[in-house]
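The sequence and structure are shown first.

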Amino acid sequence: MHQVVITGIGLVSCLGIGVDAVGESLRKGRSGIVVDAERAALGFQSALTGRISGFDPQEYLSRKQRKTMPDFAIQAHTAAMEAIGMSGLAPEDLQNDQSGLIFGSDSSCLAATNQVERLRECGETRLIGSGLLFQSMTSTITMNLNTILGTRGACWTLSGACASGGHAVGQAADLIALGRQERMLCGGAQEINWQSMCSFDGLGAFSKRMHAPHQASRPFDASRDGLVPSGGAAALLLEQRDLAEKRGARILGTIAGYGFSSDGGSISVPSDTGLAAAMHNALRSAGLSPGEIDYLCAHATSTPAGDGAEARNIHAVFGELRPRISALKGLTGHEFWMAGAAQVAYTTIMRQQGFTAASANFETPDEHSAGLNILTEADTTPPTLALCNAAGFGGTNSSLVLRFS
């Protein structure tokens, strides 16, 4: 089994574009959540959303390349190129059958609605054009990245609801550990448009704190009233350790363990055992005990049921142990399909920049989060052994152990 190391990360987030900007936001507790006037005018119950500012797709790709790519795929490309650059590799170094792609994503809603609208406007299908076909496919990220980068190894998109990004990183690490690939670009991306969120809003799942958008996402807090939707893209460059060391790469961290599970219960309500099983499996994979984990990056999305279930799962795994915990969705909102991968990138940034971010807006614990060591201020001690959780509809769970030395 090969050790799997992180040599590059890249981000397009509501916290900023690029690792440096995101790191500054995490350290300072700067939120990326706003009120969207268009959603309010359309009749959304909650007009809150994460917002990516200053991203111009024309700066990164040609018009021809963008034709087959929705915004989130372009953002995934931007994050991937940052990760490649940080790794010290050139894109040409990935043009072989030992380099592959796995990204987590579970929708491409806007392209699907756009092609229907174009048909209604034009009155015939011939005028829709080919671009929207490729934009509307769930695999749009990896098919486009493969075409642009020229990778010839693994190439697929993984759909696992809000655990998609976490599973993509875990599966990519497994391929390297087993010797089936030498390096992998992996991560997750999520569309941020209102079209993908209107039915979700209809369920009443979003926070209504529109008078205070920066305080709306409140993971684990007793007064939380729902999540805030968000999105963007996160990318990681993973490699076999021996190959990374041979070329003198700067190693940012190690994917030490990956665990997964499914609840086998409700399609929308998480169980009290599923995520705990994933955490136990990740720890076992890493050869670690719960007491060795010094930081837990929680999935916590700020929903009453979800956060309560995760808190109970954490208690079940750690008992009286009290690793430091933060739920970064207090700043980002819920990044859905990209969340699991983004948390790996955010945690790696914290290690590299020498701090551990606080859990924004956590003021009062409830009966479930009481007793958890949830950080309310940024800590100057960075993570050393970290556990990153992700969970999704249908009861799918992902946990990743990161080792930093």
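## Terms and basis

On a 1 Å grid over the protein atoms alone, a pocket is an open set of points with protein on both sides within 12 Å along at least five of seven lines, whereas a cavity is a set of points where a 1.4 Å probe fits but cannot get out; lining residues have an atom within 4 Å of a point. Grid points are joined across faces, edges and corners, and a volume is the space filled by probe spheres set on the points.

The model is predicted: local features need pLDDT of at least 70, side-chain atom pairs count only at pLDDT 80 or more, and totals for chains, interfaces and linings use all residues. Residues are numbered from 1 along each chain as its sequence is written, and side-chain values use heavy atoms, with hydrogens and water left out.

## The largest pocket

The largest pocket holds about 570 Å³ of space. Its lining comprises 35 residues, and those nearest the centre are Ser 268, Pro 270, Thr 303, Gly 306 and Phe 393.

At least two lining residues come from each of helix H11 (274-286), helix H12 (304-318), strand S13 (385-392) and strand S14 (396-403); helices (H or I, at least four residues) and strands (E, at least two) are DSSP runs, numbered from the N terminus. H12 gives the largest share, 7 residues. By class, the pocket lining has 16 nonpolar, 16 polar and 3 charged residues, where Ala, Val, Leu, Ile, Met, Phe, Trp, Tyr, Cys and Pro count as nonpolar, Asp, Glu, Lys and Arg as charged, and the others, Gly among them, as polar.

## The cavity

The whole structure contains 1 cavity of 30 Å³ or more. Residues lining the largest cavity include Leu 328, Thr 332, Ala 339 and Tyr 346. H14 supplies the largest share of this lining, 4 residues.

## Aromatic pairs

In total, 7 aromatic pairs are found; rings of Phe, Tyr and Trp (its six-membered ring) pair if their centres lie within 6.5 Å, and planes under 30 degrees apart count as stacked, over 60 as edge-to-face and the rest as tilted. Phe 44 and Trp 194 form an edge-to-face pair, 6.4 Å centre to centre with 90° between the planes. These two residues are 150 residues apart.

Phe 44 counts as buried because its relative accessibility is 11%, and Trp 194 counts as partly exposed because its value is 24% (buried means under 20% relative accessible area, exposed over 50%, partly exposed in between; 1.4 Å probe, protein chains only). Phe 200 and Phe 206 form a tilted pair, 5.2 Å centre to centre and 40° between the planes. Both are buried. One aromatic cluster consists of Phe 200, Phe 206, Phe 336, Trp 337 and Phe 393.
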